[in-house]
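Let's take a walk through this fold together, moving from the overall picture to strands and then to charged pairs. Here are the sequence and the structure to keep beside you.

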Amino acid sequence: MTGAVTDGAGGSARSVSYRDAGVDVEAGDRAVQLMRQHVARATRPEVVGSLGGFAGLFALDVARYRRPLLASSTDGVGTKIAVARAMDTHDTVGIDLVAMVVDDLVVCGAEPLFLLDYIACGSLEPGRIASIVSGIASGCEQAGCALVGGETAEHPGLMGNDDYDLAATGVGVVEADAVLGPELVRPGDVVVAMASSGLHSNGFSLVRHILFGPVEPDQPGGVSAAGRELLAGYEEALGGTVGQALLAPTRIYARDCLAVNAAAQVHAFAHITGGGLAANLARVIPPGAVATVERSTWRPPAVFGFLAERGGVSEADMEATFNQGVGMVAVVAADDAAAVVRLLTDRGVVAWIAGGIEAQPDGGEPQSGSARLVGAYR
């Protein structure tokens, strides 16, 4: 809709358009056209219709299930986006977005079915939006779920021209009698750890504080020129540039976890995100039990040591902030633990037996279970 701005004498000086207010509808249309090829890759047979409708349609085959439960999860990427903006690299954070959603879904045993994304930006640049969506589509392909729709919104004046943020909601399905969780976990179970691909998508406020110092609002991602130079610098210990190590996409474990669950007695999964390994593992441990994880069973990847040394961060703070090299944990029956490690290894996931579940030593019944890390890293 077009209005008019009047001059001081009451005459019409010029017309005003939506573009004058900062919203470019034509750019939005171009972005949709550019992203179509990517969205087409991220589909499943149950998807009905195509990109461009007002809602995404998915025909759930209810005859396949005895008593299906729908599981849902919503998440974002957080301030890792600042690093992507500083590096002008936007095709990996979409993978991070999918990982944060689908790997939460699979924790209860649910198969991810479909996902919808939301991209908010200050000014819609079609090529950048298409790059982001290409990553989202790649993540959906890795997870085996469909990208059935989403929303891209311009917020001129409220966000800087180059600012953007991402969020997504995913839906999965699990049989009611096959839901995983603390109710199934018992003393004697074994903790199998799955290696992370790096930082994943947590702790980046601390990363930015360590490496870049105060936010500079007029710079890409709030990162100064010196900070961007640091990102481009090669670090031998990291095997690449600092920026490459920080932007390594979050590993997507959904299909691997489903394969393990189909082949073994899995009692729980724990997705290691904000709060670290002990805090997230404790969420699937029942009252009266404790999970003990041996640090000696693995060595955290070099990026964690790099950050700890640069920032003078204590081991306790590192473990409470980052995944320290473990992105997902399976709690399985002891008899199946070795087979689970073999299966994951065959699927290309570095995995190992990291600990076990014990009864609380004092015999008490706390309100919730707990987890602890013991010993020293290799």
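Predicted model: local features only at pLDDT ≥ 70, side-chain atom pairs only at ≥ 80, totals over all residues.

The protein has 12 helices and 16 strands, and 51% of its 378 residues count as buried. Take the contacts between residues at least 6 apart in sequence: 83% of them join residues at least 24 apart. The exposed surface comes to about 17000 Å², with carbon and sulfur atoms supplying 52% of it.

Which strands pair with β8? One is β5 (residues 68–76), which pairs with β8 in the antiparallel sense over nine bridges; here Gly76 has Ala167 as its bridge partner. Another is β6 (residues 111–121), antiparallel to β8 and joined to it by 10 bridges, with Phe114 standing opposite Val171.

Now turn to the open sheet, where six strands with mixed pairing follow the order β12-β14-β9-β15-β13-β16. At its edges stand β12 (266–271) and β16 (370–374); each has a single partner strand, so one side of each is left without a neighbour in the sheet. On average, neighbouring strands of this sheet are turned by 25° against each other, direction ignored. Within the sheet, β9 (residues 190–195) and β14 (residues 326–332) form an antiparallel pair over six bridges, and Val191 of this pairing stands opposite Val331 in β14. Helix α12 (residues 337–346) lies across β9, β14 and β15, running at about 10° to β9.

Finally, look at the charged side chains. Side chains of opposite charge can pair when their charged atoms come close. The count of salt bridges here is 12. In one of them, the closest N and O atoms of Arg128 and Asp162 are 3.5 Å apart. Arg128 sits in helix α4 and Asp162 in the loop between β7 and β8, so the pair ties together parts that are 34 residues apart in sequence.

Arg295 is buried, with a relative accessible area of 10%, while Glu315 is partly exposed at 44%.

Definitions and conventions: Residues numbered from 1 in each chain as written. Heavy atoms only, no water. Pairing = 2+ DSSP bridges. Helix = DSSP H or I, 4+ residues; strand = E, 2+ residues; numbered from the N terminus. Axes fitted to C-alpha atoms, helices over the stretch in contact; angles between N-to-C directions. Contact = heavy atoms within 4.5 Å. Buried < 20%, exposed > 50% of the residue type's maximum accessible area, 1.4 Å probe, protein only. Areas by Shrake-Rupley, 256 points an atom, 1.4 Å probe, with all protein chains shown as cover. Salt bridge = Lys/Arg side-chain N within 4 Å of Asp/Glu carboxyl O.
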